Amino acid sequence: AIAVVGAPIMAAEILMGRRTQQSPVGAFKTLAAGRPGGQAWQGVGYLGVIAGFTILSYYCVVAGWTIHYTWMALNGSLAELAADPAALQAYFGGEFLASGRHQVFYHVVFMGLTVGAVYFGVKGGIERVAKILMPVLFLILLVLVIYSSTTPGFGEAIRFLFRPDFDTLTKGAVLEALGHSFFTLSLGMGAMLTYGSYMGRDISIPRAALQISFLDTLIALMACVIMFSIINSSGIEVSKSSTILFTTIPTVLVKLPGAGLVNALFYMLIGFAALTSTISLLEVVSSFAIDELKWTRRRAVLTMGTIITLFGVLNALSLGMGAMLTYGSYIGRDFSIPRAALQISFLDTLIALMACVIMFSIINTSDIEVAKSATILFTTIPTVLVDLPGGGLLIGMFYVLIGFAALTSTISLLEVV
């Protein structure tokens, strides 16, 4: 799927970016200019920006967990917890996830690392970080692959990954492979298009796309060898282990020689890999602000980074309240958790943006100063709406909307209790 579908689409995205020298929105606007439905194509670019914004707002929450686990591995507390699988499961699913303080802190730290890398631009920040991060990432992977070759489950992992089994090649498997190719190569959300806008004319796009696809696949296979060697060494059932990364893997690694260092290396690897993704996501959003809003890079990165961080805090605190944990306990094994998280985050962001459009449209209709209107929802908004056509109905619909939004939150809170 990566070779047949992923690489060609990546080459197309990079080509669009290099030809227009713009972010996704501007690229689609330029390429579709003068063509039927040209304006509508801008929506595709906006979807990429929204996707980057939405994914990053919760991605850094999860990525921040790797910092916590790396620290615990280094100070020895992870080894103590991992000695008792039930204790580690209880810690992760209870004390850690339910701690709003921990969730917010590590989310902010990881967003800070991401903002720091993007703040200094492509050459001064992203390229410099990548030159350090990529070799270190590959070195850690290589060390862990060599280490995994000494585990009892290494042989079974190799057979599972590389022995052909055409009976499993169903329509569903093909669709999963296609989805994986888009996800792992960051396709369809403007990341490759954005990087393409920085690419020089002397660089071969097909060669770059093939090299990226090959290295991405190689690193993914190395990661699979590590993961499945560990899994097969412990007898974990993969289909029932959606949280093995933070609940079961440490219990296997702790039994191996040099467990503290291996655990630390493992979570550093996951953290570094996540950081490369978050940098790309923030660059997509920031490049939109730079090209379309004409902001400086510093303003774009700091402003967008701050807004995304605040949205992420809401995601982090939702774990602290236990609402997502509670609803998660009702989800069946056949339910796709990543898909659900994406859908919830996307819809949450979409609704928030729609609410902002409504609010600021009303505010801009009047002389309200936003910075001095903390109580406008119940004191000033009605005075503006009443002067509009159908004012009474608008006021009623507006407060029904606010009430419904509040009701969804109170239902979640009461369900937790």
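A residue counts as buried when its relative accessible area is under 20%. By that cut-off, 39% of the 417 residues in the protein chain are buried. Keep in mind that what you're looking at is a predicted model.

So what is the chain built from? In terms of secondary structure, you'll find 20 helices and zero strands. Take the contacts in the chain with a separation of 6 or more: 73% of them come from residues 24 or more positions apart.

How about confidence? The mean pLDDT of the protein chain is 79, with 75% of its residues reaching 70 or more.

| Helix | Residues | Mean pLDDT |
|---|---|---|
| α6, the highest | 100-119 | 90 |
| α16, the lowest | 323-328 | 52 |

Now let's zoom in on one residue. S213 sits in helix α11, which spans residues 205-234. Is S213 buried or exposed? It counts as buried, because its relative accessibility is 5%, and the cut-off for buried is under 20%. The side chain of S213 reaches the backbone oxygen of A209 at 2.8 Å. Leaving aside neighbours within four places in sequence, S213 is in contact with I2, A7, M10 and L185.

Terms used: Residues numbered from 1 in each chain as written. Predicted model: local features only at pLDDT ≥ 70, side-chain atom pairs only at ≥ 80, totals over all residues. Heavy atoms only, no water. Helix = DSSP H or I, 4+ residues; strand = E, 2+ residues; numbered from the N terminus. Buried < 20%, exposed > 50% of the residue type's maximum accessible area, 1.4 Å probe, protein only. Contact = heavy atoms within 4.5 Å. Polar contact = N/O pair within 3.5 Å; in protein donor to acceptor, adjacent residues only side chain to side chain. pLDDT = per-residue confidence, 0-100.
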